[in-house]
Amino acid sequence: AKTKESGPSTARPWLETLGFEQELRESMAATHTPEAQAKRYEAAAPERARHSSLAGLPSLAGPPSLAGPPPLAGPPTQAGSKPDPDSESRQEWHTIREELQSLRSLMENSLREGRVGDRERVSTGRRLPPRIAGRYHQLLRQGMSAESAQAIAEQVQASLPGSEAESEPAVRAAFLRRVLCEINVSGPLLGLGEWKKTVIVVGPTGVGKTTTLAKLAAHYALKEKRQVALITLDTYRVAAVEQLRTYAKVMGVSLDVALTKQEAVEFIRRRQKSELILIDTTGRSPLDEAGMEEVRQLVAVDHPLETHLVVAAGAHLHDIAERLQGDRPSYHGIPVNRLLVTKLDETSTFGGIFDLMLKTKLPLSYFTMGQCVPEDLELASPERLAELLLEGRAALKRTSGARIASRTNGEGGTEWTKQ
């Protein structure tokens, strides 16, 4: 005789993955044979007798009929009535389904707790307290690498006693102190006692090099009252030359357009009386080897240069960091001294800036946020980046009016503050 199927298959992919599905089918088939049902019926005889005695009904202690399986357990049946095989099958299937659901929930919860636990456990093997873990995940959401975030969380956990680790103000202050210690900035282009410098900006296309150069020129020419000269090597884009020419005319500074390296050297020599020479370059994709070689040739002048790599805050900064790592960081063969980050207003994550600075060991020079010249320019500071990392765009909005400014001290030097 054919055995009756217990019900539709409800096997799940997770059962197949664990190798349970075949075992479950074989087990269910074995428990629904007439012989297995008869054995279960005999084993349940004492329980049926107890129920029948309590209800004043005769005991059903006879052997089971092989024509159909009686109920395994349940309310007492009337004398002479036959067990319902379909009812028993449904009950057994319902029981199995509930057990499988419990097993599934248990496994899913265990896996979920394991994943979270791994992220919240530092390399010392200790689990992070909830408030420290919350700040740790905030750094991850800001785009900071797990390695950097974990190192900061470890140091914060080691610095706080148990009671302070449960205080949100104490935890935030500890994270702020730790992040501030890691941030490196260069200060202004012309600091105290500096009267001459030649600065060149390099970087990928579309990061705002020309506009940033105009902001720096306007600040030093109009606010600092310094002698500024502009030189552009970006003859690839006609609009870039015209843009700088317009700014130069408004600011009253010189602009030279160099087509070759020799012309660039000659213009630098000619502008030696200027206190600050700012040089713009053509933006090239890092994947454009021919274009990068052209830029390398143009900037290889026999003159001391301070090179600022201009990057957009929302770009793939981790990729750039991989190319810049080393004792002497270079951008495709161009030695780099500073990092200048633009377009802070166009991103909501700032962890990449921190990682780029940390991995390359290059200081941050300036931040820009917007198109206004020269207002949307800010001297990079540890406090600014730390606030962005811990609070995100909320810190950017709260201090959106921050601008760099300077005032002259008694010795004729320059002191920098934020207004």
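Student: Leaving aside neighbours within four places in sequence, which residues is Phe175 in contact with?

Tutor: The model is a predicted one. Phe175 lies in helix α8, residues 168-182. Leaving aside neighbours within four places in sequence, its contacts are Ile132, Arg135, Tyr136, Leu139, Ile152, Ala153, Val156 and Leu390.

Student: Is Phe175 buried or exposed?

Tutor: A residue counts as buried when its relative accessible area is under 20%. For Phe175 the relative accessible area is 0%. Phe175 is therefore buried.

Student: How far apart in space are Phe175 and Arg135?

Tutor: In sequence, Phe175 and Arg135 are 40 residues apart. From C-alpha to C-alpha, the distance between Phe175 and Arg135 is 7.8 Å.

Student: Which residues touch the most other members of the largest nonpolar core?

Tutor: Nonpolar side chains tend to be buried together in soluble globular proteins. Here the largest nonpolar core has 46 residues. Helix α15, residues 382-391, supplies the largest share of this core, five residues. The members that touch the most others are Ile132, Phe175, Leu344 and Leu364.

Student: What does Leu364 touch, not counting residues up to four places away in sequence?

Tutor: Leu364 belongs to strand β9, which covers residues 364-368. Not counting residues up to four places away in sequence, Leu364 touches Ile183, Asn184, Val185, Ser186, Leu339, Val341, Ile353, Met357, Ala380 and Leu385.

Student: How are α6 and α15 oriented to each other?

Tutor: Two packed helices are described by the angle between their axes and the distance between the axes. The axes of α6 (residues 130-141) and α15 come within 8 Å and cross at roughly 105°. The contact is made by Arg135, Gln138 and Leu139 of α6 and by Leu389, Leu390 and Glu391 of α15. Angles of 65 to 115 degrees count as roughly perpendicular, so α6 and α15 are roughly perpendicular to each other.

Student: In what order do the eight strands of the open sheet stand?

Tutor: The protein chain has 16 helices and twelve strands. Eight strands form an open sheet with mixed pairing. β3 (254-257) and β10 (377-379) each have a single partner strand, so they stand at the edges. The order is β3-β2-β4-β1-β5-β8-β9-β10.

Student: Over how many bridges do β5 and β8 pair?

Tutor: β5 covers residues 306-312, and β8 covers residues 338-342. The pairing of β5 and β8 is parallel, over five bridges.

Student: What is the handedness of the β-α-β unit made by β8, α14 and β9?

Tutor: β8 and β9 pair in the parallel sense over two bridges, with Val341 opposite Phe367 in β9. Helix α14, residues 351-360, is the helix of the unit. α14 lies across β5, β8 and β9 and runs at about 170° to β8. The unit is right-handed.

Student: How many of the five residues of β8 are buried?

Tutor: In the protein chain, 44% of the 419 residues count as buried. Strand β8 is described as mostly covered. The number of buried residues in β8 is four.

Note on methods:
Residues numbered from 1 in each chain as written. Predicted model: local features only at pLDDT ≥ 70, side-chain atom pairs only at ≥ 80, totals over all residues. Heavy atoms only, no water. Buried < 20%, exposed > 50% of the residue type's maximum accessible area, 1.4 Å probe, protein only. Pairing = 2+ DSSP bridges. Right-handed = clockwise from strand over helix to strand, strands pointing away. Core = buried A, V, L, I, M, F, W, Y, C linked by side-chain atoms within 4.5 Å. Contact = heavy atoms within 4.5 Å. Axes fitted to C-alpha atoms, helices over the stretch in contact; angles between N-to-C directions. Parallel < 35°, antiparallel > 145°, perpendicular 65-115°, else oblique.
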